[in-house]
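Here's a quick briefing for anyone opening this one up for the first time. Have a look at the structure, then read on for the strands, the helix beside them and the nonpolar cores.

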Amino acid sequence: MLVEIAHFLTVTSAVILLLILFLNVFFSFAKPHANQIVLSNKLFNQACFLIFISFGLYVYLAAIDDFSITYIANHSNSQLPVFYKITSIWSAHEGSMFLWIVFLTLWSVLFVNFLSLAHPLKKGTLLMLTLIILGFLLFLLVTSNPFDRILPFAAGEGADINPVLQDPALAIHPPMLYLGYVGFVISFSFITAYLFYGDFNYPWEKDIQTWSLVAWIFLTIGITLGSWWAYYELGWGGYWFWDPVENVALMPWLAATAFMHSLFASSKSGVLKTWTLFLGIMIFTLSLFGAFIVRSGIIDSVHSFANDPQRGMYLLGFSGFITIIALAVLAYRLPQLQSSKLIVAGSKESFLSMNNILMLTAIFSIFLGVTYPLILESLNGNKVSIGPPYYNTIFSPLILITSIFMMASIDGLWQRGMQLRKLYISIAPTLFVSGLGVYGIWHFTQIFSILAYVGILSGLLIIVSYSLKTVSALRDKTYLNKGSLLAHVGLGLLFFSISMNSILSYQKNINLFVGGEQVINSKIPQFQFADLQKIKASNHDVISATIFLIHDDKPIYLNPEKRKYFARGQITSETAIHASFLKDTYLTIGDQLEDGSWTFSLQINYFVKWIWFSSALMAAGIAMTIFKKKI
Amino acid sequence: MNRVFSLLLILLPVLILIIYGKILLTSQEDVTAVYDPKPIPQFQLLTLQGQEILPTEFDGISLLNVWASWCITCLVEHPFLTKLSQNNINLIGLNYKDSKSNAQQWLKKRGDPYKFSIHDPRGDLAFDLGVTGAPETFLVANQEIIGHIQGELNQEKWESIFVPLIRSIEAQNP
C-alpha cells in the first residue's frame, strides 16, 4: 500500500508542476497579477514537498525489506545491514534516477525560495526549473518506474546489492556527485531566465556565486570519492582510468571550474560576460550528457546500467530540448551582450580568458575521446578503446600552459595591464625554483618521462608561485586571498602527485605457498605468507591471508581478503593497504594455482594519498571563499 | 561575426543531437568490412622478450591481435583469445603504445594467449597496418592480411567474419 502512496505522490507532483506551466501560459495572455508569482511559488513548494515525502517512503520501504517492489527485490537483500539496504536504492538505474530527481528538486526549491518575490528573475527561473523537474519526473514514471510491484506474489528474498558497491565510500559517492551535477541546474535556469528577461545591467552574478561554489565543492568531493573507491575496492591499483564515465564527470567539472573563474571576472570587472553565460549553461548540459552516456547503454563501463534505447532517446531528446532553448536565447541576445569594456592585455581577466579557452579545449578533447569510438562503432559496428595515451598526450601540454598563465596572473590586476618587465621579475624566481625542483627529482630518481616531467613542472610552477606570493604578502602585510591560495596550491599538488605517482610506482606479482617467503627487492627484503584463514561473515565467506613483510626497514602486517557473496555468488578481492607518508604498500590476493600456491599482486604506489589530499585542499579553499564572503 | 557565433551555438548542439540519435539507433546493427588482401608491412621491431621476428612466423593461418595493457576492451576479449589459442590457433600479439614492463605484467597476471607479442611502443607497425586503436585483429594467411576486425573479437564475429574467410583460403589451397 505504501508504495502505491509513494507512486501517487510523484504523479500528483508532476500534475502540479504541469499546472504551474499552464497557469503561467494562461496568465501571460491576461493582465499581469501580483498573485501569479505567489501562487506559482506555493504550488512549486508543494510539488517539491510531495517528491520528498515519496522518497522518504521509498527509503522506509527499502529499510523494511519490501520485496514485493521489483526494484528493491532486485537490488537489496534481507541479510544486508540497514545502511546498505538504503544505499542499495542508488545502486542501479531506477533508484538512482529517483535520487537524482530528489536532489534536483532540493536545489530548486531552496533557490526559488531564496529569491525574493520581487526579484525580476524569479518567475523565469521558477518556470525553467518547473519544466526541468517535470521532464525528469516523467522520464522516471514512464521509462524507469521504481514503484513497480512483483504481482501477484512478492519475492521471498532480494537478489542483493552488487558486493563491490557494499562500501561506505561508494554509498556516499553517488549522492555527492549528483548533488554537484544537479546543483548547476541553478546557474542553468537562472541564466536562461536572465537572457529571457533582457535587462543586461542587472548584476546577476552575485545571486548565484555562492550556489555555484557549493555545487562545485560537491562535484569535486563526488569525483574524488569515486576515484578513491576505485583505488582500494577494485584492486587494480589505479585511481583514474579515463573510463568514459569518469570522462563525462570531468567535463562538467572543468566547465564549472572555468565558470567559477569567469563569474569572478564578470562580477569584478564586467568582462567575459558572454563566456560566463555560456559556461553556466554548459555545465548542466554536460551533466545531462553524462547522465545520457551512463543511462542509455551506449558504452560498457563499471558504471553503466542495464537499459533500453527508449530511455536513451528520451534523455537525449529532453536534454537537447532544454539545452537548445537556453543556447537559442543566448544566440538571440548575443548582439546585446557586447561588453563595452575591452579586456586589457596582461590584466588578470586576460589570463583568465586564456585559461577559459584552454579548459574548453580540454573539454572538447575529452568529448572527442568519448564520442569517436561511439561514432566508429555506429558506422561499422566495431569497438575501440581510446585509452590513457590519448588523454595523457593531450592533457600534459594543456596543463603546462594553464599553469604558466596561472603563474603569470598571480600578480595581475583587474582591468589593468602588467608591464612585461614586472611580469619577468615576478615569474623569474618561480621558474628558477621549479626548474631546480624538476632537476632534483630527475637526479634523485634517474627516471625520465617527458609527459610526467611536464606534469611535475606544471605542479611546481603553481605551488612555488603561490608560496612566494604568500611569503611576500606576509612580509609586506598586503592582502592575500587565502581561499584562492589553498585551492590553487591544491591543484598544483594534484598535478605534482599524479606525475610523481606515474614515474615512481611499480608492481610485482608473487607466487607463494602458505608459510613460504621471498625477497622482492632491496627495499623489501622479506615477504612472508604467514597464514591463511577461512571465515564466515553474515552474507559472505572470507579467505583472509596474513602477510608479513619488511618495507624500508619497517615491519608490516597485511591482510588481503577474497570474499564470496552468497546471494550472487560473486567473488571480490579486498585490498590490504599500508599507508606511509609518501607511499602505499598495496596488496591484493589473487587465485590459488593448481599446485596449491597462491598468487599475490604487490604494488608500491607513491603519492596516491596526496592526490586525495589535493582534491580536499581545493574543496577546502573554495569553502573558505564562501565563508569569507558571508562574514 | 556575431551571426556566425549565434548560428554555431544552435547548429553545433543540433549536430551533436543528430549524431547521438543515430548512434543510439544503429547501436544494434553490425556491418562487416570488406578487406582487400595485402602483404604485412615491413617492420624492424622485436618481441616483448627482445627476440627478432622472422617473416615465416606468419606462414599458414594466423591472427595478429593489437592489444595494450591500458585497453579495457582488450581485457574483455582476453578470455576468448585464450580459448582460441587453446584450440591451436596461431595467435600473435601486437603490443601497441605500451611500456614493456606494463605489457609483461599484464600477460603474467591475465595469462599469455600469444605465441609471442611484437613490441610496438610508438605504434609504427600499427600505423602502417592502419590501426585506429586497440583492440583490432587481423587475419593473416601466408604472410598476407586477408581480414580485419576493429574492436572486440568475440565468438560471433569470429564465426561470421573470420571462419568463412579461413574456409575460402583452405578451399583454394587444399
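Let's start with one pair of residues: A:Lys583 has A:Tyr606 as its bridge partner in β10(A). Keep in mind that this is a predicted model.

**The open sheet in chain A**
- Strands β9 (residues 583-592) and β10 (residues 598-606) of chain A are antiparallel partners, held by 8 bridges.
- Zoom out and you'll find an open sheet of 4 strands in chain A, ordered β1-β10-β9-β8, with antiparallel pairing.
- At the edges sit β1 (506-512) and β8 (576-579) of chain A, each pairing on one side only.
- From one strand to the next, the twist averages 20°.
- Helix α9 (residues 205-233) of chain A packs on this sheet and touches β8, β9 and β10 of chain A. The direction of α9 makes about 50° with that of β9(A).

**A hairpin in chain A**
- Strand β4 (residues 540-551) and strand β5 (residues 554-558) of chain A run antiparallel and are joined by 5 bridges.
- One of the pairings here links A:Ile547 with A:Leu558 in β5(A).
- The hairpin has 2 residues between its strands, and A:Asp552 takes a positive phi near 50°.

**The nonpolar cores**
- The largest nonpolar core has 164 residues, and A:Phe44, A:Trp100, A:Phe136 and B:Tyr20 have the most contacts inside it.
- Setting aside neighbours within four places in sequence, B:Tyr20 is in contact with chain A residues including A:Phe289, A:Phe292, A:Leu316 and A:Phe367.
- Apart from that core lies another, of 45 residues, among them B:Leu48, B:Ile53, B:Trp67 and B:Ile169.

Terms used
Residues are numbered from 1 along each chain as its sequence is written. Chains are lettered from A and ligands numbered from 1 in the order in which they are written. This is a predicted model: local features need pLDDT of at least 70, side-chain atom pairs count only at pLDDT 80 or more; totals for chains, interfaces and linings use all residues. Side-chain values use heavy atoms; hydrogens and water are left out. Two strands pair if DSSP finds at least two bridges between them. A nonpolar core is a set of buried Ala, Val, Leu, Ile, Met, Phe, Trp, Tyr and Cys residues joined through side-chain atoms within 4.5 Å. Buried means under 20% relative accessible area, exposed over 50%, partly exposed in between (1.4 Å probe, protein chains only). Contact means heavy atoms within 4.5 Å. Axes are lines fitted to C-alpha atoms, for helices over the stretch in contact, and angles run from 0 to 180 degrees between N-to-C directions.
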